[in-house]
Structures are given as C-alpha cells and as structure tokens.
Amino acid sequence: MSRPREVLSIRGLKTHFFTRRGVVKAVDGVSFSLDQGQILGLVGESGAGKSITGFSILGLIDEPGRIVAGQIVFEGENLLDKPEAEMEKIRGNRISMVFQDPQTSLDPVFTIGYQISEALTLHQGLSRHQAHQLAISLLRSVNIPSPEERISDYPHQFSGGMRQRVAIAIAMSSNPALIIADEPSTALDVTIQAQVLSMMRNLVRQKQTALILITHDIALVGQFCDFICVMYAGHLVEKGPKREIITNPLHPYTQGLIRSIPGRQTRRKRLDQIPGMMPNLIDMPPGCPFAPRCERASAVCQERPEMEEASPGHLVACSRRSP
Amino acid sequence: MSRLGAVLGFRQAEWWQEFRESNIGLIGAAMTLVFLLAALLAPLIAPQNPYDLKQLFLQNSYKPPELFQTWAYQPFLLGSDGQGRCMFSAILYGLRISLYVGLMSTFLSAAFGTLVGVIAGYTGGKTDALIMRVADIQLSFPAILIALVIMAIWGPGLFKIIIAISVVNWVFYARTARGSTLSEREKDYVDSARAVGVSPAVIMFREILPNIVAPIIVIGTVRIANAIILEATLSFLGLGVPITEPSLGSLISEGYQVLFSGYWWISVLPGLGLMFIVLGINLLGDRLRDVLNPRLKR
Amino acid sequence: MLGYLIKRILQSVVVVLCVTLVVFLIMYYTGDPVELLLPPDATVQQAEQLRHHLGLDRPFHAQYLTFLRNALRGDLGTSFIFNQPAIQLVVERVPATLELALSAMFLAVLMGIPAGIIAAIRPKAALSKLILSGSLLGISLPVFWLGIMLVMIFSVALGWLPSSGRGETVIVGGLRLGFLTWNGFRHLILPAVTIAIFQLALIIRLVRAGMMEVLLQDFVKFLKAKGLSERRVIFIHALKNILIPVVTIIGLQLGNIIAFAIVTETIFAWPGMGKLVIDSIHNLDRPVVVAYLLIVSLLFVFLNFAVDLVYTFLDPRIRLK
C-alpha cells in the first residue's frame with residue numbers, strides 16, 4: 001500500500017500582530033503536517049490562534065499582522081515565497097476555506113448562483129453556461145432541494161444550515177487538495193451540526209481531500225478527525241493520532257479539555273472546568289504559556305518546553321508530563 | 001456602566017488617549033478653541049467697536065488692508081468696509097454672532113430633539129409613530145428651504161434665526177436619540193430599574209440618557225458646522241441676522257455688492273474666517289467621530 | 001411589492017396635502033391682501049366690499065378648498081410684479097435650475113466615486129490623504145463664499161469665464177437648454193462647479209466611509225479566500241454593496257441642491273427658480289413665492305419617492321421579503 005501523499009507541512013509558523021498596544025503573538029511556533037484524505041482537528045479555546053493559523057496558510061493576514069517566521073509547504077512548494085498573483089490562483093482552487101458564520105460570509109447583494117459560478121469561471125475557465133450547470137449539480141450534492149430554482153436566490157433567503165452547505169459546495173467545487181474549515185458548525189443548531197460535519201467527512205473521503213477542522217469543541221474532533229493538534233495561546237501543546245490523544249492525553253491542558261467533555265465525567269455532580277482564563281497574548285511571560293493555570297506547574301516550567309515524542313506520532317510540549 | 005462619566009472624565013478616558021494620537025484632531029481642537037476665544041473676547045481685543053456709530057467716519061470707508069504696511073495693532077488692519085468699519089473688528093464681532101447662533105441653535109435643537117427622541121423611543125406605540133412621521137416629513141424637505149420660509153415670514157432677527165435653525169435641526173437629534181433609546185431599552189439595567197418600580201421619567205433621564213450621549217455628540221459635531229453655514233447663508237440672502245449686528249454672512253453679502261469695484265477684502269476676509277472656524281470644527285468633529293465610532297473597532 | 005408601492009404613493013399624496021395646508025396657512029396668516037390692493041385712502045366699506053368680492057370673509061376651510069381647487073387647475077394667482085400667472089413663471093425656470101443641479105451632481109459623482117474608492121483602499125498613500133484633506137475643505141467651504149471666490153478668480157482676475165447669466169440657449173424637445181451651446185456651456189461652468197465642490201466632498205467621504213466599513217466585513221475575506229483578485233473584490237462586490245446607500249444619498253442631495261440653488265443662482269444671476277423666489281421674497285410678490293413652494297415641494301416628494309423606489313429595487317434583501 002503506497003503511502004498517502006503529504007499535502008501540507010507547516011514548520012515553525014509565527015504570525016504576529018503589531019498593534020498600538022504591543023505585539024500580539026497570535027501564532028508562535030506551530031508545526032504539523034497532513035496527508036491527502038486525512039482530517040486534522042485543530043482544537044483550542046477562542047483566541048488560541050487556530051483561525052489565524054488557517055488564515056496564515058492562505059496568506060490572508062491583514063495589517064497590522066504579518067507572518068514573521070516559518071514555512072508552509074503545500075504540495076511541495078513553500079507558500080510564503082509565492083507572490084500574491086500566484087496565491088490568488090491557489091485560493092479557492094487548490095486550497096479552499098469554509099468560514100464560521102454563514103450569516104456573514106456570503107455577499108448579500110449577489111445571488112448564490114453568481115457567487116458559486118464566479119469561482120468556477122475564475123479557476124476552471126468554464127463558460128457561463130457550464131458554470132451555471134455545475135453550480136446546480138454542486139447544490140444538489142450538498143442536499144439543497146430544488147437547486148435549479150434556488151440558484152437564483154439570495155443568501156438571506158437561505159437558512160443558516162443551508163448557507164453553510166452552500167459555502168461547503170463552493171469550497172469543494174474546484175476539487176481542492178486541502179480544505180480549511182474554521183468552526184464550520186459552531187454557528188449552527190446542534191442538530192444541523194452533525195449533519196454538516198458528516199457530510200464534509202463523506203465528501204473528503206470520496207475525493208481524498210485533506211481537511212483541517214478548526215474548532216474549540218474537543219468532542220467534535222474526537223468524533224470526526226484522524227489527527228488532533230491542541231493549541232494554547234499561540235502554541236501547539238500536543239499533537240497526535242486521535243485515539244492516542246483522546247485515550248491518553250499527556251499535556252495538562254489536553255487532559256483538562258477531555259475531562260470537561262460532558263458525558264465523560266467520572267461520577268461528579270459538577271462539571272469539571274479548567275480554572276482560569278487564557279492569558280492576554282501581549283506581553284506573554286517566557287516559559288510554558290499554560291503554567292499559570294496548570295496544577296502541575298513548577299520551576300522548570302519557567303522555560304518554554306519543546307515538543308517531544310512520547311510515543312510514535314504522539315508529540316507533546318510539557319516538562320512535567322506524566323511519562 | 002454609564003459612558004457619560006467616561007466621556008467627561010478626560011485624562012483616563014480611552015477616547016481621549018486615542019484622540020490625542022492624531023495631529024489633525026488636535027489641530028482642529030486648537031483652531032476651534034482659538035476662534036472660540038477670539039469670539040468671546042472680541043470686545044476686549046478688537047481695535048474698534050464696529051457697532052458704535054460714533055467711531056465710524058465715512059472718510060475711512062473702503063480702505064484696503066494695511067496689514068503689511070503698518071504692523072501696529074490698530075483699526076483697519078484688514079481694511080474697512082463701506083461704513084468705515086474696521087474689517088478686523090467687524091470680523092471678530094461677526095464671528096461672535098455666527099458662533100452664538102450656531103451654538104445656541106445646536107444646543108436648543110439637541111435638547112429638544114433628544115428629549116423628543118428618548119420619549120418616542122421609550123414609549124413606543126402611537127406616540128413614537130406620530131413623532132417619527134412628523135420627523136420623516138420634515139426630513140423630506142431641504143433644511144435651507146424650511147429655514148428660508150420661516151425667516152421670510154418672520155423677518156430678520158437674531159432670536160428668530162436661532163429658532164429657525166433649531167426647528168430645522170431637531171429631527172436629526174430626535175432620530176439618533178430614538179434609535180439609541182430603542183437599543184438601550186432592551187438592556188438589563190433598564191429591566192432591573194423597571195422591576196424595582198422606578199418611574200419611566202426617571203428611567204429615561206437618569207438611566208438611558210447618559211448612555212446615549214456619545215451618538216448625540218457625534219451628530220452635534222456634524223450639525224453645528226451645518227448650523228453656522230446655514231446662518232451665514234441666510235444672512236447673506238438678507239434673511240438672517242439684522243444688518244445692524246452683522247454676522248460673517250452679512251459681511252460677505254455687503255462685500256459681494258461692491259466686488260466688481262475691486263474692494264475684495266470685504267467679502268474675502270470674513271469668508272476666510274468662516275471657512276477656518278468651520279474647518280476647525282469639522283476636523284475636531286471628524287476625529288471625535290472616529291474615536292467614538294464602535295463600528296470601526298475590530 | 002405592489003402593495004408597498006401603493007402605500008408609498010398614498011403617503012406621498014398625504015405629504016403633498018400637508019404641504020398645501022402649511023402653505024395655505026402661511027398665506028392666510030401673513031399680511032392682508034386687501035391692504036396691498038387698495039389705495040391708502042379707501043374707506044372701510046370699500047375694504048369690506050373687496051374682501052367679500054375676493055371671498056376673504058368666508059370660513060377657513062372654504063377658502064382652503066377653493067385654494068386647493070384652483071391649485072389643481074393650475075391657477076395659483078398672478079404675480080404682482082410680472083403680471084403673469086405665478087405658476088407659469090416658476091415652471092418656465094425649472095429647466096434652468098435642473099440643468100444647473102444635474103450638471104453639478106454629474107460632476108460630483110464622476111469624480112467623487114473613484115476618489116472615495118482610492119481613499120478607502122489605500123488609506124496611507126499620499127494621494128488618499130490629499131483626497132481626504134480636500135474633502136474636508138470642501139465641506140467646510142460655505143457655498144456662497146466659494147461662488148464669490150470663483151467669480152473673483154476666474155471672472156474678475158483672469159477673465160476666463162463669465163460670471164453671470166446663462167448665455168445662449170437652444171430649445172430641445174420643448175426645453176430651453178444652455179449647455180449645448182459653447183457660450184451656454186461656458187456660463188454653466190462656474191455655477192455648476194460651485195455647487196459640485198461641496199457635493200463632491202460629501203460623496204468622497206461617503207464612499208470612503210462605506211468602502212472602509214464593507215471591506216472589514218467577513219464576506220470580503222471569504223471572497224479573497226475564493227481566490228478573487230483585489231480588483232474584483234473592490235470594484236464588483238464592495239462597490240455594489242455601498243451603491244445602495246450612495247445612490248440614496250445622491251438622490252436626496254439632489255433635492256438639497258435644488259434648494260441651495262437659491263443662493264447660487266443669486267450670486268451668478270442664473271435665471272432659475274431660486275433667483276426668482278429670492279427676488280419675489282424681497283419684492284413681496286406673494287403668489288410667486290406660494291407657487292414656488294408648492295412646485296418645489298411636489299418635486300421633493302417625487303424625488304423622495306423615486307429614491308425609495310430605487311433603494312427597494314437595488315437591495316435584494318428588501319426587494320424579496
């Protein structure tokens with residue numbers, strides 16, 4: 001059996017924002033890689049830097065932010081070396097993104113059909129008629145009923161779940177090698193969430209696309225992903241195959257996250273929470289970012305821990321981990 | 001909870017910190033302050049009292065500006081008009097009137113408009129619908145027309161023009177106040193006040209009002225420049241302040257009559273004064289608006 | 001949609017009626033026409049006779065209805081000064097005012113929208129700062145003073161452009177137009193530019209503010225994530241999004257321009273409605289003032305209605321509710 005192709009390899013990515021109040025190190029040294037057909041879950045609290053990682057891959061970091069270090073190797077090429085014109089050819093074509101809030105991610109004054117066809121004519125050089133037809137079949141593939149009529153409707157005429165499915169249709173339309181899904185189901189009803197995610201998973205398996213699922217919900221990544229990367233305050237603290245991470249979390253933060261899943265509680269009355277809050281990303285103290293909240297923190301945590309392999313494929317950055 | 005405190009508490013307030021960063025805003029503030037002071041202190045600093053008929057001699061009329069010939073601070077620094085009035089003094093006093101009308105009418109229309117707007121927003125129902133109907137109808141007509149009609153019927157007068165401009169401008173404040181009241185009304189602190197049994201009037205004034213001051217100030221900075229220009233325009237047309245107490249607009253009108261005789265300073269210089277004060281207010285207002293606008297913060 | 005249209009039309013009619021009432025009230029309470037018409041030595045009986053003859057002793061609502069009926073017939077009285085039907089005097093001058101207003105707006109839009117876009121997408125560039133400063137200056141300049149300055153520079157000092165009047169006109173399709181002749185065009189330049197500068201500044205600021213707000217929205221990032229070029233994102237997507245409020249403001253400002261034309265026409269002796277009404281106010285020619293108010297109000301109500309229509313048509317969120 002041939003090894004699946006490596007689609008994406010991020011090494012030492014650092015994205016900083018140079019604001020009036022100081023430097024926000026939103027992403028400060030993140031590395032992971034992904035093969036085709038695999039689903040990687042990027043999990044962490046709000047503000048941990050997950051979305052910024054996603055945007056960095058696509059080169060969509062606006063002022064006052066900048067990618068200051070690292071490599072993003074996609075299909076063998078470093079994206080950070082590419083000029084904007086080439087990146088435009090990759091976005092929406094080889095790498096697609098699905099956004100969090102379906103309410104606000106579609107242009108309200110153009111029809112759905114226009115917004116789908118736009119990408120198709122741009123990247124695949126289809127004629128208007130061809131694009132129109134393809135758009136209809138795309139809508140059908142994401143289970144939008146009566147696509148021929150719906151295609152001339154405007155975003156506000158769709159429900160949230162349907163809009164998200166349209167966004168997924170747009171993302172899949174060019175058969176990308178990589179899809180980045182930024183909290184794709186967070187803004188949706190719980191019932192729709194599962195639908196949308198399993199639909200994504202099926203599409204991914206069918207077309208052997210790689211998927212990065214960005215979310216704060218560790219239960220979700222436990223259900224849908226193959227690999228899990230845990231981020232905290234801009235740093236990657238643990239990563240590895242799903243089964244490993246879920247059954248044998250090594251970093252105190254990951255352990256806290258898993259403990260706080262409702263349903264996985266041991267017989268307690270109160271919901272287990274990780275005490276404290278994520279620190280302000282400006283003026284971060286040196287050393288392990290989780291130390292202030294960690295029950296196992298000690299003097300050695302003053303120095304920033306490196307990612308070390310605990311078992312094959314399972315890496316963790318903690319000086320006080322249980323062996 | 002109350003932003004009024006934050007707005008008025010200068011040094012610590014974040015908006016002041018941000019405001020200070022832009023040179024333009026500070027320049028605007030400085031300009032406005034200078035002109036305000038000049039207007040306030042006009043009787044003290046003007047080389048001549050242009051209203052005092054005893055000081056006017058026709059032989060002094062139509063003198064061109066002497067600014068570069070004699071550097072002494074004396075009458076006719078900037079020339080004189082047809083009645084022998086020192087232009088510099090006339091401009092100072094005119095500035096005074098222009099600012100007085102602008103500020104008074106803004107204050108009146110803001111007070112009245114905010115009052116009406118808060119009542120409309122808080123009470124809702126028929127009262128709200130009625131008030132907004134009236135406002136909408138008034139808004140479909142240009143301000144200058146309404147003010148023109150009022151002054152045409154009433155005749156020129158200082159008090160009258162203040163009222164006319166206030167009548168024109170109250171709608172803007174009312175609409176903003178109403179909008180803000182509507183969103184504040186849903187907030188928790190209003191609910192709790194209501195639950196405790198505080199009367200509507202007190203809720204409106206003690207709770208809601210301080211929190212909607214920011215957008216009112218924003219509108220005010222736009223409207224005040226408008227009010228000043230409106231008064232100047234009406235006075236230019238002869239339908240504003242009486243010619244015995246000329247504002248900058250009246251002076252410009254006077255100058256326009258004799259423009260082709262070559263007496264340019266009578267219309268150009270008051271106009272410059274008008275332009276600078278309005279510019280100062282606009283710079284100040286622009287910067288204030290950027291700082292107070294929540295939608296531009298990410 | 002049709003229901004909404006009908007509702008708006010009815011609303012407009014109501015507004016027009018309100019205006020006629022206000023205008024009539026003004027007429028009713030200001031000045032006694034009898035005094036103006038009679039010689040000073042007339043007796044009280046003669047005054048009473050004239051009053052009765054003119055129907056001025058009838059109850060208020062009866063007079064109002066007569067007024068309304070006459071107005072609908074197009075009879076708004078005769079000018080004291082010109083001795084012609086007041087309504088004719090005003091209507092004759094509408095093309096002149098409209099020519100001025102539309103030229104000014106055209107200029108402002110032509111230059112304002114691109115300038116606003118530039119200022120929004122490259123806020124730190126020198127050109128943008130220049131545009132922004134210029135726009136600030138533009139809205140601080142009193143229109144009438146600007147007109148005077150332009151006359152001073154271009155007419156008196158340089159002698160390039162005429163400073164008053166309309167110049168040659170030709171009649172096209174029943175309308176008297178000036179800009180089609182070179183002479184008429186030259187006369188149009190200064191007054192049109194005077195008005196245009198303020199509007200230009202306004203449009204620049206509007207477009208810039210709107211653009212900056214739109215570009216911060218989520219869907220713009222999504223469009224870029226689809227691989228669309230910046231040019232496409234700005235000139236197709238962002239532009240259409242801000243078009244709606246911009247068009248609305250342009251429509252409303254047109255009304256303002258027509259009203260402010262009073263001042264500009266005075267300065268440039270432009271033979272439009274504005275100059276007529278100011279002269280009539282100073283000459284106490286009441287029928288003309290009344291005719292002006294009614295016609296101009298009708299114009300505004302119509303303009304507002306048209307703007308509403310355009311707004312509804314452009315914004316799919318409202319159109320398809």
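Eight strands of chain A, 8 in number, form an open sheet in this predicted model. Their order is 6-7-8-3-9-10-12-11, and the pairing is mixed. Strand 6 and strand 11 (308-311) of chain A stand at the edges. Each has a single partner strand, so one side of each is left without a neighbour in the sheet. From one strand to the next, the twist averages 20 degrees.

- Strands of a sheet pair through backbone hydrogen bonds, either parallel or antiparallel.
- Strand 6 (residues 95-98) of chain A pairs with strand 7 of chain A in the parallel sense, over 4 bridges.
- Within that pair, Met97(A) has Ile180(A) as its bridge partner.
- Strand 7 of chain A also pairs with strand 8 (residues 210-215) of chain A, again in the parallel sense, over 5 bridges.
- Here Ile180(A) stands opposite Ile212(A) in strand 8 of chain A.
- Ala181(A) has Leu213(A) of strand 8 of chain A as its bridge partner.

**Helices around this sheet**

- How does the chain get from strand 7 to strand 8 of chain A, and what is the hand of the crossover? The path goes through helix 7 (residues 190-207) of chain A, and this β-α-β crossover is right-handed.
- Helix 6 (residues 160-172) of chain A packs on the sheet. Helix 6 of chain A touches strand 6 and strand 7 of chain A. Its direction makes about 175 degrees with that of strand 6 of chain A.

**The 4-strand sheet of chain A**

- Chain A also has an open sheet of 4 strands, in the order 2-1-4-5, with antiparallel pairing.
- The edge strands are strand 2 (22-35) and strand 5 (77-78) of chain A, and each pairs on one side only.
- Strand 1 (residues 6-19) of chain A runs antiparallel to strand 2 of chain A, and 10 bridges join them.
- In this pair, Leu8(A) stands opposite Leu34(A) in strand 2 of chain A.
- Helix 1 (residues 50-58) of chain A lies across strand 1, strand 2 and strand 4 (65-74) of chain A. Helix 1 of chain A runs at about 70 degrees to strand 2 of chain A.

**Where chain A touches chain C**

- The contact takes 23 residues from chain A and 18 residues from chain C.
- Helix 2 (84-90) and helix 3 (112-124) of chain A are the elements that give two or more residues to the chain A side.
- Helix 3 of chain A provides the largest share of that side, 3 residues.
- By class, the chain A side has 11 nonpolar, 7 polar and 5 charged residues.

**Where chain C touches chain B**

- This contact takes 33 residues from chain C and 33 residues from chain B.
- Several helices of chain C each supply at least two residues of the chain C side, including helix 1 (2-29), helix 6 (126-140) and helix 12 (286-314).
- Which helix of chain C gives the largest share of the side that touches chain B? Helix 10 of chain C does, with 7 residues.
- By class, the chain C side that touches chain B has 25 nonpolar, 7 polar and 1 charged residues.

Technical notes:
Residues are numbered from 1 along each chain as its sequence is written. Chains are lettered from A and ligands numbered from 1 in the order in which they are written. This is a predicted model: local features need pLDDT of at least 70, side-chain atom pairs count only at pLDDT 80 or more; totals for chains, interfaces and linings use all residues. Two residues are in contact if their C-beta atoms, placed from the backbone, lie within 7 Å. Ala, Val, Leu, Ile, Met, Phe, Trp, Tyr, Cys and Pro count as nonpolar, Asp, Glu, Lys and Arg as charged, and the others, Gly among them, as polar. Two strands pair if DSSP finds at least two bridges between them. Axes are lines fitted to C-alpha atoms, for helices over the stretch in contact, and angles run from 0 to 180 degrees between N-to-C directions. A crossover is right-handed if, with the strands pointing away from the viewer, the path from the first strand over the helix to the second runs clockwise.
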